Structure formats: C-alpha cells, structure tokens
Amino acid sequence: NYLGQGTGFTTPPLAESTVYWVEEGPSVVAPLPTTFLGGSTGYGNMFDLTASQTVVITGFEGHLSAGNSNNLEIYYKKGTYAGYENDAAAWTLLGSANGITGEGIGLPTPYPIGFNLAIAAGNTYAFYITSKTEGINYTFGTNVGDIFVEDDHIKIAEGIAIAYPFGDAVEPIRWNGIVHYQAI
C-alpha cells in the first residue's frame, strides 16, 4: 500500500521515485482499561465482552492485591455468563499462570497468559478470571449487564464476583483490568 497524501503521516518531501509499502495486518489499537478503584477483593470475576467490530483478544492485565502470589486461570465461553456461573463444563480454559505477584491498589498487574481469541462483530463472549488465592480486586457496580466501559471496538458489561472455582457469586461488580486486543 502506497502511503500518499492524506494518510496522516508527516514525512519530508520524497523524490518522485521513492515509494513506501506497508504490510497489511490487524489494526493497532490502544488497550481498553476499565477502572482500578478496587473496593473489594475476591477469588474471581465473570463479565461479558461484546465486539462492536471483529477483534482478537490477546491478553489481560488485572488488579491484584500487593504482594499476593496468585495462581490465575482465565476461562471463556461464547455468549453471556448468565446461567452458566456454576457450570464448569460450559467454559474453556484459555490459560493459566502460577506465582503472579500483585502490584497493589490502583496499579495494573500484567497476566503472563498469552492467547488469540477472535470475536466476530456483534458477538458476546464471557470471561472468568479467577485464582485459588483471594486477591483479585474489583469495584461494586450498579446493574449486572450494564455497559460500564467501551471504545470503538469492544464493550465491557458489569458482571459478578465469584468464588473459585465456579462457586458462590456477588453482584453487580465492575471488573478492574485492561483488555489487550487487535481490530480486524
């Protein structure tokens, strides 16, 4: 693809024979942060993420209590989590990581769990981020299912805090974290 005028690139004048090509691929987008207010701590959170445009989710950062050594697991399922909170068979494990040390209140902790999960435009996927150790911070919400953060590509709804694994739930909550993704 030739980068000509009107592309948003500021470059010095080029000789007529100079042509630049750019590899095509996914759009680079900024990660979508939620909040890092905290307020309560538990073993995990479930929330729904809806793609306004087709995206590939590539990772998460979360809000872990300072110094805790967490063994995290990230699960997903197509569609909402509602009705599947205690049904482990409905969920697929995206990945896990042991010994993650939390950065503390107000600070994101990177989750070293890499993956590529494509979500087509208009689809909703549920995520369950959980730990055997209490230390996942969240903020109380107002109404389960309400969108509390969004950008041009994805929307994140209020969800629930839930005990490990697939246990008792507290609702509504706002997941504290950052979603890393690429737009297709």
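Colleague: How many aromatic pairs does the structure hold?
Modeller: The structure holds 13 aromatic pairs; rings of Phe, Tyr and Trp (its six-membered ring) pair if their centres lie within 6.5 Å, with planes under 30 degrees apart counted as stacked, over 60 as edge-to-face and the rest as tilted. This is a predicted model, in which local features need pLDDT of at least 70 and side-chain atom pairs count only at pLDDT 80 or more, while totals for chains, interfaces and linings use all residues. Residues are numbered from 1 along each chain as its sequence is written, and side-chain values use heavy atoms, with hydrogens and water left out.
Colleague: What is the geometry of the pair Phe60 and Trp175?
Modeller: The ring centres of Phe60 and Trp175 are 5.6 Å apart and the planes are at 85 degrees, so the pair is edge-to-face. Phe60 belongs to strand β4 (residues 55-62) and Trp175 to strand β14, so the pair ties together parts that are 115 residues apart in sequence. Strands (E, at least two residues) are DSSP runs, numbered from the N terminus.
Colleague: Are Phe60 and Trp175 buried or exposed?
Modeller: Both Phe60 and Trp175 are buried, that is, under 20% relative accessible area with a 1.4 Å probe and protein chains only. Together with Phe47, Phe115 and Phe127, they form one aromatic cluster.
Colleague: Which residues of the largest nonpolar core touch the most other members?
Modeller: Of its 31 residues, these are Ile57, Phe60, Phe127, Ile156 and Val179. A nonpolar core is a set of buried Ala, Val, Leu, Ile, Met, Phe, Trp, Tyr and Cys residues joined through side-chain atoms within 4.5 Å. Another core, of nine residues, lies apart from it and includes Met46, Tyr75, Ile160 and Phe166.
Colleague: Turning to Asn176, where is its place?
Modeller: Asn176 is in the loop between β14 (169-175) and β15 (177-183). Asn176 is buried, with a relative accessible area of 1%.
Colleague: With which side chain does that of Asn176 make a polar contact?
Modeller: The partner is the side chain of His63, at 2.8 Å. A polar contact is a pair of N or O atoms within 3.5 Å; within protein, one must be able to donate a hydrogen and the other to accept it, and residues adjacent in sequence count only if both atoms are side-chain atoms. A polar atom of the Asn176 side chain also lies 2.9 Å from the backbone nitrogen of Gly38.

Key. Helix = DSSP H or I, 4+ residues; strand = E, 2+ residues; numbered from the N terminus. Buried < 20%, exposed > 50% of the residue type's maximum accessible area, 1.4 Å probe, protein only.
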